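This briefing is meant for a reader who is meeting the structure for the first time. It takes up the sheets first, then the relation between the chains, and then the contact they share.

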Protein chains: 2
Amino acid sequence: MSPERFARINELLDKRQLDLTVVMENVHKNHNLSAVIRTADAIGVHAMHAVWQSRKTKLSRSTASGSHKWVGVQHYSELESAVANVRQQGMQLIVTHLSDSAVDFRDVDYTKPTAILLGQEKQGVSEQALAMADQHVMIPMLGMVQSLNVSVAAAVILYEAQRQREQAGLYGMPQISEQERYRILFERGHP
Amino acid sequence: MSPERFARINELLDKRQLDLTVVMENVHKNHNLSAVIRTADAIGVHAMHAVWQSRKTKLSRSTASGSHKWVGVQHYSELESAVANVRQQGMQLIVTHLSDSAVDFRDVDYTKPTAILLGQEKQGVSEQALAMADQHVMIPMLGMVQSLNVSVAAAVILYEAQRQREQAGLYGMPQISEQERYRILFERGHP
Ligand SMILES: C[S@@+](CC[C@H](N)C(=O)[O-])C[C@H]1O[C@@H](n2cnc3c(N)ncnc32)[C@H](O)[C@@H]1O
Ligand SMILES: C[S@@+](CC[C@H](N)C(=O)[O-])C[C@H]1O[C@@H](n2cnc3c(N)ncnc32)[C@H](O)[C@@H]1O
């Protein structure tokens, strides 16, 4: 590994937000999955969760622009297991959904340990997910269409989280363990 | 047309931001084009511009979720013509590009009449577009990947514009002409 690449990866790892994640509930279109992972990488998410009630979609390498190498995706066949995992890490569960009980996405505190749950392209989030949520959040819609593309909704919320965490100085406080840092430098260091 | 639909369309038209638009330079993937139009509708863009150096892509109806019916897209074969059009409307030209001269997207004043130019999926924006820009803007990238999906980048910037315009009270000041209002109610009022 070149010294430049070594430095670049270390710098990236210093900024990783281990207490911020995304849970995708049956999001199944490749280009959406890939775009979410790419945005997650860009704002410092280190690991994500994907729940598959049916088949497993294979991530397309090209659209994710290599980000799948840098953001771990853990797969589940049950929503409960994914939620149990993020709760065990002390995260609040934010479920994205346009409903009367939903608060504006800018009124959420993303500097707390947070998992953001996104729903399926057609069906949206499940009743089960809504029931387990700490908060329902929505992005305001001022036009005729009822919802945004799922990767777009993810990005709008993740960049609000990035803004808040930047302001709170969280990108200046490395969270990653030395063990995890070495694992990644070892596994991913090769170009 | 039902009274509810009539009221809904009128309300939407009251919020349309005629002095905010998007220019897509050779963005060619259907799902990206459609996602951009959908987001544009959601934040009140009324008309957009698409430059095609080669073929014309047909917009897929399903992914745009009907938003193509509500956001007009004007097509051009030359970038100059699109830029001339937005300049004639007194708009600043913001070109999205990661470069040393680019400012953070949150440091731009989107309450001014503004056109946001987005580049092609692989090539990005053209040299020509960069040369014509009033400002180059970029969205911070803290991970390993170099760029966001184009519809994601569009959404992050458009929702920042929405935030600023909401704060400035611009959604409470209808801009649309009575003529345009009647045209749309007449053409689009049928379910
Ligand atoms: C295309 S939408 C699903 C639409 C579905 N018909 C519904 O009513 O939920 C896919 C996912 O994107 C996210 N999403 C889209 N627009 C949103 C908005 N305005 N606010 C919050 N989440 C949104 C949610 O996670 C949603 O489950
Ligand atoms: C996938 S990117 C193009 C990448 C291309 N390799 C380049 O270097 O420009 C497609 C378009 O999305 C927008 N975009 C993506 N990431 C961006 C970022 N971080 N800041 C500003 N614009 C971005 C720009 O309009 C860009 O032209």
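In this predicted model, strand β4 (residues 92-96) of chain B runs parallel to strand β7 (residues 135-138) of chain B, and three bridges join the two. Within chain B, Thr96(B) stands opposite Val137(B), a residue of β7(B).

**The sheet of chain B**

- Strands β4 and β7 of chain B belong to an open sheet of seven strands, whose order is β3-β2-β1-β6-β4-β7-β5 and whose pairing is parallel.
- At the edges of this sheet stand β3 (72-76) and β5 (103-104) of chain B, and because each has a single partner strand, one side of each is left without a neighbour in the sheet.

**The sheet of chain A**

- Chain A likewise holds an open sheet of seven strands with parallel pairing, and the order of its strands is β3-β2-β1-β6-β4-β7-β5.
- The edge strands here are β3 (72-76) and β5 (103-104) of chain A, each of which pairs on one side only.
- Strand β2 (residues 47-51) of chain A is joined to β3(A) by five bridges, and the two strands run parallel.
- Across from Ala50(A) in chain A stands His75(A), which lies in β3(A).

**How the two chains are related**

**The contact between the chains**

- Chain A gives 38 residues to the contact, and chain B gives 38 residues as well.
- About 3,400 Å² is buried between chain A and chain B, and carbon and sulfur atoms give 62% of that area.
- Of the area that chain A buries against chain B, Leu142(A), Met144(A) and Tyr159(A) supply 24%, which is more than any other three residues supply.
- On the side of chain A that touches chain B, the elements that give two or more residues are α1 (3-15), α2 (30-43) and α6 (150-167) of chain A.
- Sorted by class, that side of chain A has 19 nonpolar, eleven polar and eight charged residues.

- How many salt bridges does the rule find across the interface of chain A and chain B? The rule finds zero salt bridges there, while 21 residue pairs are counted in polar contact between chain A and chain B, both residues being at pLDDT 80 or more.

Definitions and conventions. Residues are numbered from 1 along each chain as its sequence is written. Chains are lettered from A and ligands numbered from 1 in the order in which they are written. This is a predicted model: local features need pLDDT of at least 70, side-chain atom pairs count only at pLDDT 80 or more; totals for chains, interfaces and linings use all residues. Side-chain values use heavy atoms; hydrogens and water are left out. Contact means heavy atoms within 4.5 Å. Buried area is the accessible area (1.4 Å probe) that two parts lose on being put together, summed over both. A salt bridge is a side-chain nitrogen of Lys or Arg within 4 Å of a carboxyl oxygen of Asp or Glu. A polar contact is a pair of N or O atoms within 3.5 Å; within protein, one must be able to donate a hydrogen and the other to accept it, and residues adjacent in sequence count only if both atoms are side-chain atoms. Helices (H or I, at least four residues) and strands (E, at least two) are DSSP runs, numbered from the N terminus. Ala, Val, Leu, Ile, Met, Phe, Trp, Tyr, Cys and Pro count as nonpolar, Asp, Glu, Lys and Arg as charged, and the others, Gly among them, as polar. Two strands pair if DSSP finds at least two bridges between them.
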